[in-house]
Amino acid sequence: MRRRGPGLRLRITLLTTALVAVVSAVLLFLGWTLVGRVFDSSPSFPSDSQVTVDGVTVTVQTLTDALTAAARQDLLRAGLVAFACIVLAAALLAWTFTGRVLKPLHDVTGAARQLSAESLGSRLRLEGPRDEVADLADTFDAMLDRLEAAFDSQRRFVANASHELRTPLSVVRTELDVTLSDPDADVEELRRMAGVVRAAGERAEQLVSALLLLARTDGIGLAVREPVDLSAVVESAWKATRAEAEARNLRAVFRCVPALAVGDPALLERIAGNLLENAVRHNHVGGWIETVVETGPKWSVLRVSSSGPLIPPDRVEELFEPFRRGVKDRTSQSGTGLGLSIVRAAVAAHGGFAQAVAVPTGGLSVTVHLPSAPH
């Protein structure tokens, strides 16, 4: 492990003390020099002039040299004492004020050291002047907000996924236990049991595939980026959904124009497929579906609207959460509840965004914006 140097507080204190010491030393040297120049600039007398001081006769030059040396000694003595006091005071003040200034940084460090999945609710909420340290504390609090939201979302996702996977496994185990406990089970009963087990296995397989797709789109970037016509994507996705829509007697209207978007063709088809599947499965018998594809200089737009149950506007955003099936949770017998979650994650991986609004008469309208390909 590489050794670290002295801390920031000590370094700032040493730097401040050194600067004060240099400035004080320069001022002391200037004072010492100026004292000599003052005596040198005094009125000159003939070289053989003599004066009497305390009964002692000396030449003027000797007296001048003696006064200059004495003044310099006094200045040097007092200056050194002042130099030591100033340097010591500068060190103490720098250490004290640096500690006060860096205290918020220590709070940030302490909070980061205590951070764990169970203590994400703590915040610094630093008060005082809005300086760089306060900006750092606010940024740290914002990061904790995002981490807490991510951990909460992960906990809910894991809990919901565990519940969803437990359901088909419970069905399989129950069917096997009931059939095996019946000594008179005939071929027809075994076939019925096999059909139930197969349906539960298919449901679990769909869920696992959806989870893997969601993890793929939500975790890494796109492996393929190429121009894709959204109209062709919608047409291909509709082929897989048309039979179910006709069985429910749904009226489908398409207003699609050629619109090139940059992205992964498979993921883009999955986006359109999930939107159309949701529009069919969460619709009334004899309802309607409207699909619109538009192009623009920056965004290519795919909008799928459909009739259906009334959705409160304040609950529309919840539909993008994992394992949401319509207005109520886990009420639909088909699907995995990950359709819109995958749509939002896949759109975000393409650099776009998805929005949804409730249809006033009942139903939902989902609009996807994807980056347009250059013409």
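**Close-up views of a predicted model**

**View 1. Helices α6 and α7 pack at an angle of about 150°.** Helix α6 spans residues 265-281 and helix α7 spans residues 339-349, with their axes 9 Å apart (axes are lines fitted to C-alpha atoms over the stretch in contact, and angles run from 0 to 180 degrees between N-to-C directions). The two helices are therefore roughly antiparallel to each other, a label for angles over 145 degrees. Helices here are DSSP runs of H or I with at least four residues, and strands are runs of E with at least two, numbered from the N terminus. This is a predicted model, in which local features need pLDDT of at least 70 and side-chain atom pairs count only at pLDDT 80 or more, while totals for chains, interfaces and linings use all residues. Residues are numbered from 1 along each chain as its sequence is written, and side-chain values use heavy atoms, leaving out hydrogens and water.

**View 2. Residues of α6 meet residues of α7.** On the α6 side, look for R270, I271, N274, L275 and N278; their partners in α7 are G339, L340, I342, V343, A346 and V347. Contact means heavy atoms within 4.5 Å.

**View 3. N249 sits in the loop between α5 and β4.** Helix α5 covers 230-247 and strand β4 covers 251-256. N249 has a positive phi of about 60°, although it is not a glycine. N249 is also exposed, with a relative accessible area of 55% (exposed means over 50%, buried under 20% and partly exposed in between, with a 1.4 Å probe and protein chains only).

**View 4. The protein chain has seven helices and 11 strands.** Of its 375 residues, 33% are buried.

Definitions and conventions: Angles under 35 degrees count as roughly parallel, over 145 as roughly antiparallel, 65 to 115 as roughly perpendicular and the rest as oblique.
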